[in-house]
Amino acid sequence: MKIKEILSLLEEMAPLAYAEDFDNVGLLVGDPKTEATGVLVCHDALESVIDEAIDKKCNLVVCFHPILFSGLKKITGKNYVERSIIKAIKNDIAIYAVHTALDNHQYGVNKIFCDALGLSNTKILIPKQNFIRKLITYTIPENAAKLRNALFEAGAGNIGNYEDCSFNSPGIGTYMGNENSNPEIGERFEFVENEEIKIEVTFEKYLESKILKALFKNHVYEEVAYEIYDLQNSHQNIGLGMTGEFENPMPEKEFLLFVKDKMQAEGIRHSAFLGKSIKKVAVLGGSGSYAIKNAIQSGADAFLTADLKYHQFYEAENQLLLADIGHFESERYTKNYIVDFLRKKILNFAIILSEENTNPVKYL
């Protein structure tokens, strides 16, 4: 099995197009054409993890955080990033990062977070913007069903919990071909008026080339008329953070102790107790201070995230309980999810969960 085949499965799990623009996801080190010997899944691809991969004969390390985040001008081994990269290259080990591609997925980091707490009725906290496009095309009625189904097969027409969504309207199309034309209906230099069906479908923008390939392959016309628009609609199933609800509310202190236990947090910093029960909870794995206002607007009773600064606790504005449970802790179960996904897809190949604890934060 080639490494590139495993990378295709990882992109199925977390499409790289879902990642934030600032992020550095995908294959960071290595040749995808290399034959894979084993996969080691970790949180951070530190030098100790590369040593573990060598010891366990894994030449692909799948990490959550990208070890290469900003540009390197020199690789001399002077810091932990460069030492990891040098060791990986010397030992022909590829490194692949998922990070915000999985953060933004509806079954990714924040759904894993919610599931660990037993939250139900989950919804994206900050739906992704500028990610949906609309295709409009025109064809004869006899071709409409075939063309529409091909577009659906390519990924168009998915809206929330529904698929194969489209709008179809009849009309009259006109054209006249020149001496170089080869019209499907009518003759060259003949003005043709013909019944047509206007088909409208939405799609996620990263699918555009696949959608257009299906359009051109399954359309009967020599020249295909089509339009593509960017939509302002937010994507309800892709985005950062998530909200969910407990079946039974619990007091604030009991809630934080529950979170501490479930997420194996060694300490939780939090804003002042407000004397109300916690039922609706907003979560955002990793650094989530930018989402405090979104959590308040969602009507959450509490917001769980990490890396909060002193003054950011004031932003709770006595409207919700704000808690920093730790960066690593909030993403703790992500690597387990990746391992489970790959093991279901690859039944006869070594998929290993790293035993290295790469959390750099320690507690007394």
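Student: A cavity is a set of points on a 1 Å grid over the protein atoms alone where a 1.4 Å probe fits but cannot get out. How many of 30 Å³ or more does the structure hold?

Tutor: One. Bear in mind that this is a predicted model: local features need pLDDT of at least 70, side-chain atom pairs count only at pLDDT 80 or more, and totals for chains, interfaces and linings use all residues. Residues are numbered from 1 along each chain as its sequence is written, and side-chain values use heavy atoms, with hydrogens and water left out.

Student: What volume does the largest cavity have?

Tutor: About 30 Å³. Volume here is the space filled by probe spheres set on the points, with grid points joined across faces, edges and corners.

Student: Which residues line it?

Tutor: V109, I112, F113, M263, E329, S330, E331, R332, Y333 and T334 line the largest cavity (an atom within 4 Å of a point). Five of the lining residues are nonpolar, two polar and three charged. Nonpolar covers Ala, Val, Leu, Ile, Met, Phe, Trp, Tyr, Cys and Pro; charged is Asp, Glu, Lys and Arg; the others, Gly among them, are polar.

Student: Which helix gives the most to that lining?

Tutor: α5, with three residues. Both α5 (109–117) and α10 (327–330) supply at least two. Helices are DSSP runs (H or I, at least four residues), numbered from the N terminus.

Student: New topic. Where do α1 and α11 meet?

Tutor: On the α1 side, at I6, L9, L10, E12 and M13; on the α11 side, at Y337, I338, F341, L342 and K345. Contact means heavy atoms within 4.5 Å. By class, this contact of α1 with α11 has eight nonpolar, no polar and two charged residues.

Student: At what angle do α1 and α11 cross?

Tutor: Roughly 120°, and the axes of α1 (residues 3–13) and α11 (residues 334–345) come within 11 Å. So α1 is oblique to α11. Under 35 degrees is roughly parallel, over 145 roughly antiparallel, 65 to 115 roughly perpendicular, and the rest oblique. Axes are lines fitted to C-alpha atoms over the stretch in contact, with angles from 0 to 180 degrees between N-to-C directions.

Student: And how do α2 and α3 cross?

Tutor: The axes of α2 (residues 47–55) and α3 (residues 80–90) cross at roughly 15° and come within 8 Å. That makes α2 roughly parallel to α3. E47, I50, D51 and I54 of α2 make the contact with R83, S84, K87 and A88 of α3. Three of the residues in the contact of α2 with α3 are nonpolar, one is polar and four are charged.

Definitions and conventions
On a 1 Å grid over the protein atoms alone, a cavity is a set of points where a 1.4 Å probe fits but cannot get out, and a pocket is an open set with protein on both sides within 12 Å along at least five of seven lines; lining residues have an atom within 4 Å of a point.
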